[in-house]
Amino acid sequence: MGKIHAAITGVNGWVPETKLTNFDLEKLVDTNDEWITSRTGIRERRILKTEGWATSDMCAEAVKGLLEKTGTKPGEIDLLIVATVTADMVFPDTANTVCDKVGAKNAWGYDINAACSGFLFALATGAQFIQNETYKKVVVVGADMMSSIIDYTDRNTCVIFGDGAGAVLLEPKKDGTGVIDFVLRADGGGRHLLHMKAGGSLQPASHETVDNREHFVYQDGKRVFVHAVKGMTSTTEELLRRNKMTTDDVQWMVPHQANMRIITSVAEHLNFPMERVMVNIQKFGNTTAGTLPLCLWDYENQLKKGDNLVLTAFGGGFTWGALYLKWAI
Ligand code: UT7
């Protein structure tokens with residue numbers, strides 16, 4: 001009998017209908033389509049405008065579609081993990097709300113806050129419950145409503161981010177498919193370069209924090225860029241080395257969609273051909289924890305059972321890493 005791995009047996013995504021194009025942003029801040037396209041690769045992003053909706057609603061839409069696609073009943077879900085930095089509220093966590101909204105009455109769940117690496121961290125975590133035979137069905141969601149924490153007067157950040165959610169179902173497989181290995185890292189020393197200053201216990205919300213616009217994403221883009229390229233490249237190299245693989249053995253690289261120049265730079269460093277790199281940044285921008293599952297969802301029809309995929313991400317924290325899986329469907 002083969003070893004049990006946590007295989008992705010279904011993937012689904014959900015993005016809001018409303019598009020925010022580069023031309024729309026030209027009207028909000030001092031920027032232009034040419035700058036945004038050439039410096040980031042982004043042409044438009046989706047923004048959640050539905051009255052009363054939040055991150056949990058995007059998650060719920062993604063999960064409902066996932067359950068339908070895979071013929072899974074909500075009551076069969078054992079565990080549901082949501083990776084997000086835009087939880088509906090500080091507490092309770094978003095996963096609880098999502099379980100309620102999709103009718104997952106027999107599940108428990110929790111949120112993972114690892115910014116743009118959130119889905120990677122959540123996937124590695126969820127996989128453990130399958131691999132050690134605790135559970136049979138684990139749902140992992142990556143979702144962010146970045147528009148709720150973006151300052152649309154700050155051109156350094158507002159051109160990059162968008163809203164969206166992606167979800168996968170993990171089930172045990174003994175045919176060699178599934179999550180095989182991962183290299184994950186965190187370094188809190190980078191926390192000041194990409195963060196939200198107020199709203200936590202360090203600086204609770206006050207008139208002053210609101211006046212100072214401290215409830216929005218702050219990023220030192222240039223420095224984050226350099227760390228992102230280094231971190232994604234080095235963890236991917238380590239992952240390949242210890243699995244005795246070269247880039248020729250990998251059918252698809254699935255990189256976090258933060259900036260097209262980061263993606264091409266990582267691919268160049270790894271000598272990985274761009275034709276096999278998943279890219280959808282042009283239409284969704286950076287959806288933080290949503291980018292990786294939204295890529296899998298977008299490219300699903302091009303994937304074949306047994307394909308080797310390397311997912312890699314870098315985000316606030318700092319957090320980063322790479323994960324190797326064999327596609328199961
Ligand atoms: O997902 C989590 C991790 N996040 C990332 O990985 C993001 C990493 N960083 C980036 O993607 C890029 O650093 C940005 C897209 C944020 C910025 O691009 P950049 O090429 O690093 O630009 P920069 O900050 O070096 O700025 C270059 C120039 C500056 O003007 P001066 O000082 O040279 O006159 C900026 O003020 O571009 C200016 N600029 C803009 N111009 C037009 C910055 N943002 C804009 C803008 N439109 N939106």
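These legends describe close-up views of a predicted model. Residues are numbered from 1 along each chain as its sequence is written, and side-chain values use heavy atoms, without hydrogens and water. Local features need pLDDT of at least 70, and side-chain atom pairs count only at pLDDT 80 or more, while totals for chains, interfaces and linings use all residues.

**View 1. The ligand sits in the second largest pocket.** A pocket is an open set of points on a 1 Å grid over the protein atoms alone, where a 1.4 Å probe fits and protein lies on both sides within 12 Å along at least five of seven lines. To sit there, a molecule needs more than half of its atoms within 2 Å of the pocket's grid points. Domain 1 (5–175) and domain 2 (180–326) both give residues to the shell, so the ligand lies between them. The domain bounds come from an automatic or database domain assignment.

**View 2. The shell around the ligand has 23 residues.** T31, R39, K222, N259 and N286 come nearest. Helix α8 (221–242) supplies at least two shell residues, as do α2 (33–40), α6 (155–158) and α9 (260–270). The most come from α8, with four. Helices are DSSP runs (H or I, at least four residues) and strands are too (E, at least two), numbered from the N terminus.

**View 3. Cis peptide bonds join F91 to P92 and G317 to F318.** Most peptide bonds are trans. Omega is about 0 degrees between F91 and P92. P92 is in the loop between β4 (79–83) and α4 (94–102). Between G317 and F318, omega is about -10 degrees. F318 is in the loop between β12 (308–315) and β13 (319–326).

Definitions and conventions. A residue is near a molecule or strand if one of its heavy atoms lies within 4 Å of it. On a 1 Å grid over the protein atoms alone, a cavity is a set of points where a 1.4 Å probe fits but cannot get out, and a pocket is an open set with protein on both sides within 12 Å along at least five of seven lines; lining residues have an atom within 4 Å of a point.
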